[in-house]
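This briefing sets out selected local features of the structure shown below. The points are grouped by topic.

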Amino acid sequence: MPELPEVETIKIGLNRLLPGLKIKSVNHDWPKSFPNAPADVKRFMVGAEVKNVRRRAKVLIIELSTDYSLVVHLKMTGQLVFVGNERFGAGHPTVDLVSELPAKATRVSIVFTNDSKLFFNDQRKFGWMRLLPSIEVPEIDFFKKVGPEPLEADFTAKQFIQRVMRRKNSNIKSVLLDQTVIAGVGNIYADESLWAAKIHPATVVAKIPKVKLEVLYKGLIDVLKLSIKKGGSTDKNYVDAEGKRGSYLTFAKVFRRNGQPCPRCGTTIEKTRVAGRGTHYCPVCQKLPR
Ligand SMILES: [Zn+2]
């Protein structure tokens, strides 16, 4: 599953390539991946120009000149591959990022009038693409439930603390992973920001002093920003918009560092399970309050 920095990295890559291109044809033969009626696709996609590529949480929104948008969720194994003068693969790293397309996993092919192409490939078919009037995009269930964007300027420490405190009886890691609390934070950035704030991932929110939540807020913003700067892609399944693996994992302090020394105190980093997820922490820096 990509996290916010990975999808942001894909957005930046596609935004460099797609705007201004005009759609010549669309092929899609797997209805679950792209459930729109062929008539709508013909009417609102064919002939349309790509205006802009946006991101909300972990979802990409490709805005078209017809006031329709293509909404894309890559889920576990989705990838977007642009083939034109340059080639850009983004998402799950399979040979399809670099080999001849369309391939077996290709669910949707979009051909532009300059003969460049955008392929949506998805081996396991959990991902999806939907064509919607742009005005309806914020109304889809996924967006209505999702929390604020952590990197927006108006997402302050105060707002972070207020939202986290809504679930004050839950453990902090599960709250960070809850997409209705904050958008786009997954396992890697939860572990990294909790280490930065010296908070044990299983700590009940109500037991965390406000000042520590402020440090956690800052830690979270910092790791997200650093990861975007490094090309996102911290998880083994994700590569960036140019088909390269991101390098954030090189900078990770605890994530998948179990058995290695804590960069702060030298204690061996441990791995446990919190919120149903593999969780990495320093048993000395991140003590569970009694
Ligand atoms: Zn430590």
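Lysine 32 lies in the loop that runs between β1 (23-28) and α2 (38-44). The model is predicted. With a relative accessible area of 51%, lysine 32 is exposed, the cut-off for that class being over 50%.

**Surroundings of lysine 32**
- When neighbours within four places in sequence are left aside, lysine 32 is in contact with Lys125 and Trp128.
- Between the C-alpha atoms of lysine 32 and leucine 177 there is a separation of 27 Å; these two residues are 145 residues apart along the chain.
- Lysine 125, one of the contacts of lysine 32, belongs to the loop between β8 (117-122) and β9 (128-133).

**Backbone features in loops**
- Lysine 125 has a positive phi, near 65 degrees, although it is a residue other than glycine.
- The relative accessibility of lysine 125 is 22%, so the residue counts as partly exposed.
- Arginine 256, also a residue other than glycine, has a positive phi near 60 degrees.
- The position of arginine 256 is in the loop between α8 and β10, and its relative accessibility of 36% places it in the partly exposed class.
- Leucine 101 and proline 102 are joined by a cis peptide bond, with omega at about 0 degrees.
- Proline 102 is located in the loop between β6 (87-91) and β7 (106-112).

**Zinc site**
- Four cysteine SG atoms, from Cys262, Cys265, Cys282 and Cys285, are the protein donors of the zinc ion, at 2.2 to 2.4 Å from it.
- The arrangement is tetrahedral because the angles subtended by the four donor atoms around the zinc ion are 100 to 113 degrees, and four donors count as tetrahedral if all angles lie between 85 and 135 degrees.
- For comparison, the ideal angle for four tetrahedral donors at a metal is 109.5 degrees.
- The sequence spacing of the donor residues is C-x2-C-x16-C-x2-C.
- Distant parts of the chain are linked by the pair of cysteine 262 and cysteine 285, 23 residues apart: cysteine 262 is in the loop between α8 (248-251) and β10 (270-274), and cysteine 285 is in the segment after β11 (277-281).
- Cysteine 262 is buried at a relative accessible area of 3%, and cysteine 285 also counts as buried, at 15%.

**Packing of α1 and α7**
- Helix α1 (residues 4-17) and helix α7 (residues 210-229) have axes that come within 9 Å and cross at roughly 40 degrees; the crossing is right-handed.
- Leu4, Pro5, Glu6, Glu8, Thr9 and Ile12 of α1 meet Leu224, Ser227 and Ile228 of α7.
- Five nonpolar, two polar and two charged residues make up this contact of α1 with α7.

How values were computed:
Residues are numbered from 1 along each chain as its sequence is written. This is a predicted model: local features need pLDDT of at least 70, side-chain atom pairs count only at pLDDT 80 or more; totals for chains, interfaces and linings use all residues. Side-chain values use heavy atoms; hydrogens and water are left out. Donors are N, O and S atoms within 2.8 Å of the metal (3.2 Å for Na, K and Ca); water is not among the atoms, so sites may look incomplete. Four donors count as tetrahedral if all angles lie between 85 and 135 degrees; four count as square planar and six as octahedral if opposite donors are over 155 degrees apart and all others between 65 and 115; anything else is irregular. Helices (H or I, at least four residues) and strands (E, at least two) are DSSP runs, numbered from the N terminus. Buried means under 20% relative accessible area, exposed over 50%, partly exposed in between (1.4 Å probe, protein chains only). Axes are lines fitted to C-alpha atoms, for helices over the stretch in contact, and angles run from 0 to 180 degrees between N-to-C directions. A crossing is left-handed if the near helix is turned anticlockwise from the far one by less than a right angle, and right-handed if clockwise. Contact means heavy atoms within 4.5 Å. Ala, Val, Leu, Ile, Met, Phe, Trp, Tyr, Cys and Pro count as nonpolar, Asp, Glu, Lys and Arg as charged, and the others, Gly among them, as polar.
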